[in-house]
Amino acid sequence: MFAATALALAIVTQDQVALRAAPRDSAQQQAQLWQGDSLEVRGEKGDFLQVWDHRRERGGYIRVNQARQMELTPAAAPQMLAVMNFVRDTPGQEALGIGYAAAFLKAAEPAQIGPEAFDALGTMADRLARRASSSRGDKASDARTAAQLEVAAAYGVGMTSFEREGRVQICYDGEAFRRVLAQPQSAPLLKARAALALTRHECVSPDLTPSQRATLDAWRIEVLGRVETAKLPEHVKNRIFMRRAGVLSAIAYQQQRRGEAPQETANRAIESLAAINKSELTEDDANSYSDAATRAGVVRWAASDAARAVSTLSVTTRPGQPGETCVQLVEAKQKAALFERCTYGFVYPASAAPNPQHTMLALAVQTLDTWRELWLFRKGADGWFVEVIPPSANGPDIGYIDFAGWVPGGKQMLTAREVRVEGRYKKSFELMSLDSLQVERWADKPESLTPFYRWQDPSWKRMTLSLR
């Protein structure tokens, strides 16, 4: 794209620049240019540059003050790098920075190209993708972002897109960050930033097959493992631990689906969560911490095989149709199962908690890697049946609901849940009516709800992550 002669290149520094047929403002507009567009300079006439746009295969004129001319020589490379590093942290200027990055990589000698250049390029491309994914419905802003995406694509910056929850998610493909990780001289902080950008949860396509997802998550945890956390600032170290907890939780779920033992991986997820220094969490990391804790909380039953105290009422499982697990409710005195329900989710028999009257039993069932429900087996006039209590009526998204204790009298139950609703995380400790399954009272701390203080289940208190 770039010519080898001095002063042959100009990078457009403004948006909506008119490429005109003649060197005057009244001349016909040939095309509309955007910041970051690269042009070959072929001459100068008055206040106008005569240029050729290789991307659009058109020539014309633009004003001198609408573009920055530069030489593609090693001597000019440090100046390009300085501008690129300045623009790197300037929101809205991503396409301009990517243009400077392309010019720098073309002009610089190999010895001048270090990991900092790729870190800057990746940071700008990633921020542009985030901006494109968070459209607010402003047509002018959306048009500007779309134009900057086209500019980035012209330089070979790859983006992927897919639909998630009714909107388009755009993600940078991470090529520059991969180069940062591949260079031995990359500082730990640069590697950490690269690893975090490459392993974003929201950039995992929901269209992946289970085997593709397993391969991707194995790669994600391997990337995170390359980061030397001991040499990082505490807040960055926290971000690595949070991301590891989330990825390991997904891997534990996949291991269960394949019939492998998930205990070690689930425990690693919980250990990563425990390694977070909460006193060093920034305000920006509040959602990330809740996300990591919720993901780990979903699989926390996979971290242990410890069952509750032996009871005459319990559950067993058997294989159903391909991919199904059938849950059988059994009583010690009965040879046949009292009730059976099949699911494609993963059942945690160790979580089974019967009430003292043996007329109800609570059971944890994980249906997705980020979603765990509560099954409530109940004995009615016509026999046993089961009711499914999801973490939220808006899901499935990210969340879990825990059985936390039976309240004497047989009319109420304690539950704890963490869930993401419309992008916000909520943790609640609840007193639930067993007649209507409606929450009668709730609090954000268990000590603020008297029944929790008196009747919480010891097993729940020992294992839950909601009390972190």
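## Arg318 and Glu340

Arg318 is partly exposed in this predicted model, with a relative accessibility of 35%. Its side chain forms a salt bridge with that of Glu340, at 2.8 Å from N to O.

## Arg468 and Glu418

A salt bridge joins the side chains of Arg468 and Glu418, again with an N to O distance of 2.8 Å. This pair spans 50 residues of the chain. Glu418 is part of strand β18 (residues 412-421), while Arg468 sits in the segment after α12 (458-463).

The accessibility of the two partners falls in separate classes. Arg468 is partly exposed at 28% relative accessibility, whereas Glu418 is buried at 3%.

Another group of charged residues is linked through shared partners: salt bridges connect Asp37, Asp53, Arg55 and Arg56 into one network. Over the whole structure, the search finds 31 salt bridges.

## Glu94 and Arg131

Glu94 and Arg131 are joined by a side-chain salt bridge of 2.5 Å, N to O. The bridge connects helix α2 (residues 94-107), which holds Glu94, to helix α3, which holds Arg131. The partners are 37 residues apart and count as distant parts of the chain.

Glu94 has a relative accessibility of 1% and is therefore buried. Arg131 has a relative accessible area of 23%, so this residue is partly exposed.

## Packing of α3 against α6

Helix α3 (residues 115-133) also packs against helix α6 (residues 188-198). The angle between them is about 30 degrees and their axes are 11 Å apart. Because angles under 35 degrees count as roughly parallel, α3 is roughly parallel to α6. The crossing of the two helices is left-handed.

On the α3 side, the contact is made by Pro115, Glu116, Asp119 and Asp126. On the α6 side, Leu190, Arg193 and Ala197 take part. By class, the residues of this contact comprise 4 charged and 3 nonpolar, with no polar ones.

Key: Residues numbered from 1 in each chain as written. Predicted model: local features only at pLDDT ≥ 70, side-chain atom pairs only at ≥ 80, totals over all residues. Heavy atoms only, no water. Axes fitted to C-alpha atoms, helices over the stretch in contact; angles between N-to-C directions. Helix = DSSP H or I, 4+ residues; strand = E, 2+ residues; numbered from the N terminus. Parallel < 35°, antiparallel > 145°, perpendicular 65-115°, else oblique. Left-handed = near helix turned anticlockwise from the far one by under 90°. Contact = heavy atoms within 4.5 Å. Nonpolar A, V, L, I, M, F, W, Y, C, P; charged D, E, K, R; others polar. Salt bridge = Lys/Arg side-chain N within 4 Å of Asp/Glu carboxyl O. Buried < 20%, exposed > 50% of the residue type's maximum accessible area, 1.4 Å probe, protein only.
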